[in-house]
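Visitor: I would like to learn how to read a protein structure, feature by feature. Could you guide me through this one?

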Amino acid sequence: MRCLVITLLLRCVLPLALAGACHAAENPALAATTRAEVDAAVQAALRAKGVPGASIALVVDGRIAYVKAYGLAQVQPPRQATPEMRFGIGSISKQFLAAGLLMLETEGRLNLDDPASKYVADLGPAGCATLRQLLSHTSGLPEYMPHDYVAPAQRVPVQPSQLVLRAARQAQDFAPGERWRYSNTGYALAGLVFEAVAGEPLAEGLRRRIFAPLKMASVIDSDQHALTAGDVTGYSVLGLAAPEPATPMAPGWMFGAGGLAMTAEDLARWSLALIDRSLLAPSAQRALESDTRLNSGAGTRYGLGLVVRMIGERRVLGHDGGVPGFGSASLVLPDERMAIVVLTNADYGEVAPDLAARLHRMLLNPASPQDSARTAQDRQVLLALQGGRIDRKLFTANANDYFSDGMVAQTAAALKSAGELKQFRIQSRSHLGGIDARVYAAEMERQRYTVVTRAWPDGRLEQFTLSPD
C-alpha cells in the first residue's frame with residue numbers, strides 16, 4: 001500500500017510523551033551507549049516530523065535484543081504507546097502471502113509458474129500472468145488503488161474479486177515479465193489464488209502456517225477487523241491541516257496487499273525465522289529472497305514480497321508499508337543475523353523507512369565512549385578550520401599536504417560566511433582496511449555540509465573533506 005507524505009508538526013502535545021516504554025522482558029543485549037543512541041534517534045525523528053508514536057524491535061546476533069515504544073498511542077486524550085500495542089504494517093504484509101503460496105507449492109498443491117487463470121476464472125489477458133509474476137510485481141496488472149488518500153469508494157466494503165476482475169478487464173500495463181511496476185492488484189489476485197487452493201480464508205491459512213508456529217500471537221487481519229481500543233490510533237493529514245485520526249479503508253480493500261496488524265516484536269519474530277531459515281523449505285526461502293529477472297534478463301531488486309539488494313557488501317531484505325494512519329519499515333540482514341523493525345502510527349513524514357536506515361547504520365557500527373570522543377574531535381577540527389587554523393599533529397602527511405595554508409584559508413572563509421555551527425551529527429560509520437570512515441551532517445546557520453573523515457587506529461586523520469548540501 002502507499003504512504004502519504006505531507007507533514008505538519010504536533011507541536012503542542014508530542015514533547016510531553018517521547019520518553020518511551022520498554023518491554024517488560026527487554027533483553028539487555030545492546031550496550032547502554034547504543035540503547036541511548038537508538039532512543040535519541042527515535043525521539044528526534046518523531047519530534048521532527050510530528051509523528052505521535054512508534055514501536056521498534058531490534059534483532060542482534062540472532063535474538064531479539066531491544067523492544068521499545070515511544071510517544072503517544074493516541075493524541076487526545078493522550079495515551080502512552082507501549083510495546084504490546086499493534087500497528088498496521090501495510091505492504092510488509094505482502095511477504096506473508098508470498099510465503100504462504102510458497103508453502104502451498106512445497107506441499108505440491110500449486111506451482112508458482114502456473115498462470116493465474118488456472119485458479120481464478122474470467123481474468124482475460126490478465127490470466128496469462130504467472131503466480132510468480134503476481135508476487136514479484138512483474139505481472140502488468142494495473143493498480144486498483146492509484147492514489148494516496150481514502151477515496152469515497154474505499155469507504156464502502158468490497159469483495160476483493162470485484163477489484164481484481166475490474167482491473168483484469170482493463171488494458172494491462174505491459175506484457176507479463178516485460179517490466180516491473182508495483183501492483184497491489186497482483187497481490188489481491190494472489191490472495192484469491194491462495195484461498196482457492198488452500199480451501200480456507202487467507203487470514204486463517206497464514207495463521208496456521210506462519211503466525212501460530214512462530215508464536216506471533218498479536219497478528220490480526222486488519223482488513224476485516226479494526227484495531228482495538230487497547231491498540232494505537234493511526235493519524236493522517238489532509239492537505240496542510242493538522243493531523244487527525246485516519247479514516248480506514250473499508251473491508252476488502254487491503255486484502256492480500258496490506259491487511260495485517262501486529263506488534264513490532266512479532267514482526268521481529270518473522271525476521272528471526274528468515275535469518276534462521278527455520279520455517280520455509282530451503283527452495284521456498286531461496287525463491288522468496290531471490291532477485292526477480294525480467295524477460296530481458298535485467299534484475300528488479302525485488303524477490304517475492306521482499307526488496308532484495310546489497311548495501312555496501314551486505315545483503316539486505318526489506319519492505320516499507322503504508323496504509324491510512326500507519327507507516328512501517330522492516331530490514332533484515334541475514335548474514336549479520338540482524339534485523340530492524342520500525343512501526344509508526346502516522347502515514348506522513350516517511351519516518352519509518354528513514355529511521356530504519358539510520359538504526360541499521362547504528363547497529364552495524366555501535367556507539368562507544370571512544371566513538372563519542374572521536375565525534376567530538378572531528379567537530380573540533382571543523383570549528384578550528386572555521387577559525388583558520390588546524391592542529392597538524394592530528395593529520396597524516398597526506399592530509400597535511402591536502403590542507404595547505406592556502407586551502408585552510410579558503411575553507412575558513414567559506415565556513416565563516418556559513419555562520420555558527422548549529423548541529424554536527426554522524427550519519428554513517430564504516431571500516432575500510434583499518435580506517436575508521438565517517439560521514440557527518442554539519443548544519444551551519446546559512447549552509448549545510450557533508451563532512452567525510454577517515455582516521456587510522458592511532459587517531460590521525462587521513463581525510464577531512466567538506467561538500468555543501
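**Reading contacts, helices, sheets and rings**

Guide: Leaving aside neighbours within four places in sequence, Gln 154 is in contact (heavy atoms within 4.5 Å) with Met 145, His 147, Tyr 149, Pro 248, Met 249, Ala 250 and Trp 253. This is a predicted model, in which local features need pLDDT of at least 70 and side-chain atom pairs count only at pLDDT 80 or more, while totals for chains, interfaces and linings use all residues. Residues are numbered from 1 along each chain as its sequence is written, and side-chain values use heavy atoms, with hydrogens and water left out.

Visitor: Where does Gln 154 lie, and is Gln 154 buried or exposed?

Guide: Gln 154 lies in the loop between helix 3 (131–135) and helix 4 (160–168), where helices (H or I, at least four residues) and strands (E, at least two) are DSSP runs numbered from the N terminus. The word buried means under 20% relative accessible area, exposed means over 50%, and partly exposed is in between, with a 1.4 Å probe and protein chains only. Gln 154 has a relative accessibility of 2% and therefore counts as buried.

Visitor: How should I read a helix, and which residues of helix 12 are buried?

Guide: An α-helix has 3.6 residues a turn, so residues three or four places apart point the same way. In helix 12, the buried residues are Val 408, Thr 411, Ala 412, Leu 415 and Ala 418. They cover an arc of only 115 degrees around the axis, which puts them on the same side of helix 12; the arc is that of the directions from the helix axis to the C-beta atoms. The face turned away from the buried side of helix 12 carries the exposed residues Gln 410 and Lys 416.

Visitor: What covers the buried residues of helix 12, and how far apart are the end C-alpha atoms of helix 12?

Guide: The cover includes helix 10 (369–386), strand 15 (435–444), strand 16 (448–455) and strand 17 (461–468). The expected span of a helix is 1.5 Å times one less than its number of residues, and for the 14 residues of helix 12 (residues 405–418) this gives 20 Å, which agrees with end C-alpha atoms that are 20 Å apart. Just after helix 12, Gly 419 takes a positive phi of about 90 degrees.

Visitor: How many residues of helix 5 are buried?

Guide: Helix 5 is mostly covered, with 13 of its 15 residues buried. Helix 5 (residues 184–198) should span 21 Å, and its end C-alpha atoms are 21 Å apart, which agrees. Just after helix 5, Gly 199 has a positive phi of about 70 degrees.

Visitor: How do I read a sheet, and what is the order of the open sheet of four strands?

Guide: Strands of a sheet pair through backbone hydrogen bonds, either parallel or antiparallel. Here two strands count as paired if DSSP finds at least two bridges between them. The open sheet of four strands has the order 14-15-16-17, and its pairing is antiparallel. Strand 14 (421–432) and strand 17 stand at the edges, each with a single partner strand, so one side of each is left without a neighbour in the sheet. The twist averages 15 degrees from one strand to the next, where axes are lines fitted to C-alpha atoms, for helices over the stretch in contact, and angles run from 0 to 180 degrees between N-to-C directions. Seven bridges join strand 16 to strand 17, and Leu 461 in strand 17 is the bridge partner of Ala 455. Helix 10 lies across strand 14, strand 15, strand 16 and strand 17, and runs at about 55 degrees to strand 15.

Visitor: What does Leu 421 touch?

Guide: Leu 421, which is found in strand 14, touches Arg 379, Leu 382, Leu 383, Ala 442, Glu 443 and Met 444, not counting residues up to four places away in sequence. Leu 421 has 8% relative accessibility and so counts as buried.

Visitor: How are aromatic pairs described, and how many does a search of the whole structure find?

Guide: A pair of aromatic rings is described by the distance of the centres and the angle of the planes. Rings of Phe, Tyr and Trp (its six-membered ring) pair if their centres lie within 6.5 Å, and planes under 30 degrees apart count as stacked, over 60 as edge-to-face and the rest as tilted. A search of the whole structure finds nine aromatic pairs. One of them is edge-to-face, formed by Phe 395 and Phe 403, at 5.6 Å centre to centre and with 70 degrees between the planes. Phe 424 and Tyr 440 form a stacked pair, at 4.4 Å centre to centre and with 25 degrees between the planes. This pair links distant parts of the chain, with Phe 424 in strand 14 and Tyr 440 in strand 15, 16 residues apart.
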